[in-house]
Protein chains: 2
Amino acid sequence: MIANIIAKRIAIIGVGLIGGSLARALKSVHAVTTVVGYGRDENNLKKAVQLGVIDKYSLNIVDVVTDADIVVLATPLSTADKLFAEMSNALKKTVIVTDVGSAKGSIVKSARENLGDLFKRFVPGHPIAGKEESGVEASCAELFDAHRVILTPVAETDPEALNLITEMWKLTGAEVLNLDVENHDTILAATSHLPHMLAYALVDCLSRMQESDSIFEFAAGGFADFTRIASSHPRMWHDICFSNREQLLNVMNQFDQHLNKIRAAIKDNDSDALLELFERAKTSRDNFTDQRKNRNDSPE
Amino acid sequence: MIANIIAKRIAIIGVGLIGGSLARALKSVHAVTTVVGYGRDENNLKKAVQLGVIDKYSLNIVDVVTDADIVVLATPLSTADKLFAEMSNALKKTVIVTDVGSAKGSIVKSARENLGDLFKRFVPGHPIAGKEESGVEASCAELFDAHRVILTPVAETDPEALNLITEMWKLTGAEVLNLDVENHDTILAATSHLPHMLAYALVDCLSRMQESDSIFEFAAGGFADFTRIASSHPRMWHDICFSNREQLLNVMNQFDQHLNKIRAAIKDNDSDALLELFERAKTSRDNFTDQRKNRNDSPE
């Protein structure tokens with residue numbers, strides 16, 4: 001398949017797992033002519049060139065974004081203010097800027113404050129894809145295939161920019177959906193950010209127990225599945241926590257109440273309450289599995 | 001391979017996922033001559049016969065265990081007192097009794113109280129294997145292959161009985177290890193029982209949120225992995241909670257402290273503390289992955 005060229009020059013700000021995989025995916029369908037990378041670690045950028053992920057790079061963000069048709073911010077969320085501010089004056093008027101952050105409220109605020117008139121050309125995005133490993137070596141062209149990408153346009157967002165970023169993600173094989181910013185952040189706090197906190201807390205807890213050696217020695221596949229996300233990138237997750245602070249604290253409190261219900265039922269020998277809660281949870285989880293199966297089966 | 005016959009007649013008390021898979025595995029290597037099933041649900045037992053999992057069944061436990069060389073208790077833990085008491089007088093003197101329960105302290109107590117002189121012929125066991133589905137339809141001969149089985153013999157346990165049950169599990173492809181009862185229950189509380197509580201609490205929490213429809217709609221693969229265990233058998237897990245009550249409450253309290261550390265760091269904007277905790281957890285999780293990989297690579 002020969003895809004339409006969607007950008008002559010695309011700038012990838014942060015060439016890691018996500019930025020690298022997007023570059024690979026777009027190159028694999030010839031949707032971009034030149035991919036230019038920006039980062040702070042020159043060795044990483046050199047590796048990205050060697051791997052064919054990007055065509056060239058610079059450590060100067062102004063050089064990288066000048067003349068870029070699309071700029072993709074793919075760095076940890078806490079860097080957004082600084083990077084938007086640094087690139088702002090070098091962007092051309094027709095540029096489209098997007099990002100891949102896991103929380104949208106903070107980055108929209110940052111773009112609004114730093115991009116000036118070009119804020120309307122900013123399309124907030126979040127590909128729901130990833131893996132245990134991070135870094136450009138882990139990147140692959142298929143990462144987004146059959147995964148979802150959520151875009152969270154705001155009132156000012158230029159429809160033309162939104163359309164192009166939608167097209168860009170579709171070329172990676174992703175299904176693209178729109179949500180409003182607040183909805184996105186509530187949903188992701190519940191389904192992704194909270195589970196990461198639980199996995200980090202569990203692994204930290206177990207590694208601190210007196211019996212930690214035999215605990216990890218005897219842990220089996222279920223435990224491996226459950227804690228896989230605790231191997232995620234610490235800096236990225238640190239930034240997500242502070243970027244989605246209120247929503248995350250809110251769901252953590254709600255989770256506490258439910259865990260306390262279980263604890264109370266065990267403590268009080270309340271057999272009926274415990275069984276009812278497990279049965280209710282199993283029903284919800286089984287429904288989720290069925291929905292997911294139907295979704296994957298249907299030609300979307 | 002023609003295995004030695006380890007039992008002419010084996011009684012499977014509770015023909016579900018685990019009991020059924022053990023029967024299938026032993027039949028597949030011709031290690032048993034006759035498998036007799038016991039259960040309360042005749043339709044399930046009929047299905048087990050149709051599927052070739054067992055050779056015959058009775059709804060009368062005395063009929064099933066009489067003349068059995070090996071009796072495997074594979075029902076939820078809360079049924080142990082009743083079933084041990086019912087079978088006790090019908091067991092032959094040379095019988096070996098074992099079980100597959102996920103908590104060992106309570107079942108050892110129950111066997112001690114109900115099996116009389118034959119307590120020395122009881123070998124407490126716990127295969128670390130399972131899947132999302134339960135019931136005899138989900139059983140398969142390969143369930144234990146390359147998995148671990150932990151046996152927790154006590155001072156009184158007859159070494160000959162321990163040897164035979166060790167052999168039995170090896171025939172299923174499992175690696176057999178011994179732990180003492182208390183160690184087992186501490187380790188399993190941490191690596192299995194606690195994660196199940198977290199998964200049940202998370203799914204219950206999310207299903208009760210106002211946005212629950214879109215939450216489950218947008219949940220992705222990581223969430224699916226994380227909550228898979230919330231689809232486990234509610235009655236079985238209810239029983240495990242009460243059977244391993246003290247140890248479970250203890251690790252739940254420890255977990256709380258670690259989750260609260262994360263919450264406090266987010267609330268107090270304590271960037272260093274949060275990053276340090278995530279980095280520490282990632283290191284532990286990565287070490288666990290490496291150990292697991294080495295274990296699976298080594299010819300055990």
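**Close-up views of a predicted two-chain model**

**View 1. Helix H10 of chain B is largely enclosed by the rest of the structure.** The model is predicted. The buried positions in H10(B) are Pro234(B), Met236(B), Trp237(B), His238(B), Asp239(B), Ile240(B), Cys241(B) and Ser243(B). A residue counts as buried here if 20 or more other C-beta atoms lie within 10 Å of its own.

**View 2. Leu77 of chain B sits in a loop and is buried.** The loop runs between strand E4 (70-73) and helix H4 (80-88) of chain B. Leu77(B) has 25 C-beta neighbours inside 10 Å, so Leu77(B) counts as buried. What does Leu77(B) contact, leaving aside its neighbours within four places in sequence? The partners are Gly101(B), Ala103(B), Ser106(B), Ile107(B), Asp239(B), Ile240(B) and Ser243(B). Asp239(B), Ile240(B) and Ser243(B) are among the buried residues of H10(B). Leu77(B) and Ser243(B) are 166 residues apart in sequence. In space, their C-alpha atoms are 7.1 Å apart.

**View 3. Helices H7 and H11 of chain B pack at an angle of about 65°.** H7(B) covers residues 181-207, and H11(B) covers residues 245-267. Their axes lie 9 Å apart. The crossing of H7(B) and H11(B) is right-handed. From H7(B), the contact uses Asp185(B), Thr186(B), Ala189(B), Ala190(B), His193(B), Leu194(B) and Met197(B). From H11(B), Gln247(B), Leu248(B), Val251(B), Met252(B) and Phe255(B) take part. By class, the residues of this contact between H7(B) and H11(B) are 8 nonpolar, 3 polar and 1 charged. An α-helix has 3.6 residues a turn, so residues three or four places apart point the same way.

**View 4. An open sheet of 3 strands in chain B has mixed pairing.** The strand order is E7-E8-E9 in chain B. Strand E7 (125-128) and strand E9 (175-178) of chain B are the edge strands, each pairing on one side only. Neighbouring strands of this sheet are turned by 25° against each other on average, direction ignored. E7(B) pairs with strand E8 (residues 148-151) of chain B in the antiparallel sense, over 4 bridges. One partner pair is Gly125(B) with Leu151(B) of E8(B). Helix H6 (residues 159-171) of chain B lies across E7, E8 and E9 of chain B. H6(B) runs at about 170° to E8(B).

**View 5. Chain A has an open sheet of 3 strands in the order E7-E8-E9.** Pairing in this sheet of chain A is mixed. Strand E7 (125-128) and strand E9 (175-178) of chain A stand at the edges with a single partner strand each, so one side of each is left without a neighbour in the sheet. On average, neighbouring strands of this sheet are turned by 25° against each other, direction ignored. E7(A) and strand E8 (residues 148-151) of chain A are antiparallel and share 4 bridges. Within E8(A), Val149(A) stands opposite Pro127(A).

**View 6. Strand E2 of chain A is largely enclosed by the rest of the structure.** Strand E1 (residues 7-13) of chain A pairs with E2(A) in the parallel sense, over 6 bridges. Val36(A) in E2(A) stands opposite Ala11(A).

**View 7. Two domains are assigned in chain A.** Domain 1 of chain A spans 7-178, and domain 2 spans 183-268. Their centres, taken over C-alpha atoms, are separated by 29 Å. The contact takes 13 residues from domain 1 of chain A and 13 residues from domain 2 of chain A. On the domain 1 side, the residues divide into 4 nonpolar, 7 polar and 2 charged.

**View 8. Chain A meets chain B through 73 residues of chain A and 74 residues of chain B.** Which helices of chain A each supply at least two residues of the side that touches chain B? They are H7 (181-208), H8 (212-218), H9 (221-227), H10 (234-243), H11 (245-267) and H12 (271-297). H7(A) gives the largest share of that side, 18 residues. By class, the side of chain A that touches chain B has 41 nonpolar, 17 polar and 15 charged residues.

Methods
Residues numbered from 1 in each chain as written. Chains lettered and ligands numbered in written order. Predicted model: local features only at pLDDT ≥ 70, side-chain atom pairs only at ≥ 80, totals over all residues. Pairing = 2+ DSSP bridges. Axes fitted to C-alpha atoms, helices over the stretch in contact; angles between N-to-C directions. Contact = placed C-beta atoms within 7 Å. Nonpolar A, V, L, I, M, F, W, Y, C, P; charged D, E, K, R; others polar. Left-handed = near helix turned anticlockwise from the far one by under 90°. Domains from an automatic or database assignment. Buried ≥ 20, exposed ≤ 12 C-beta atoms within 10 Å, placed from the backbone.
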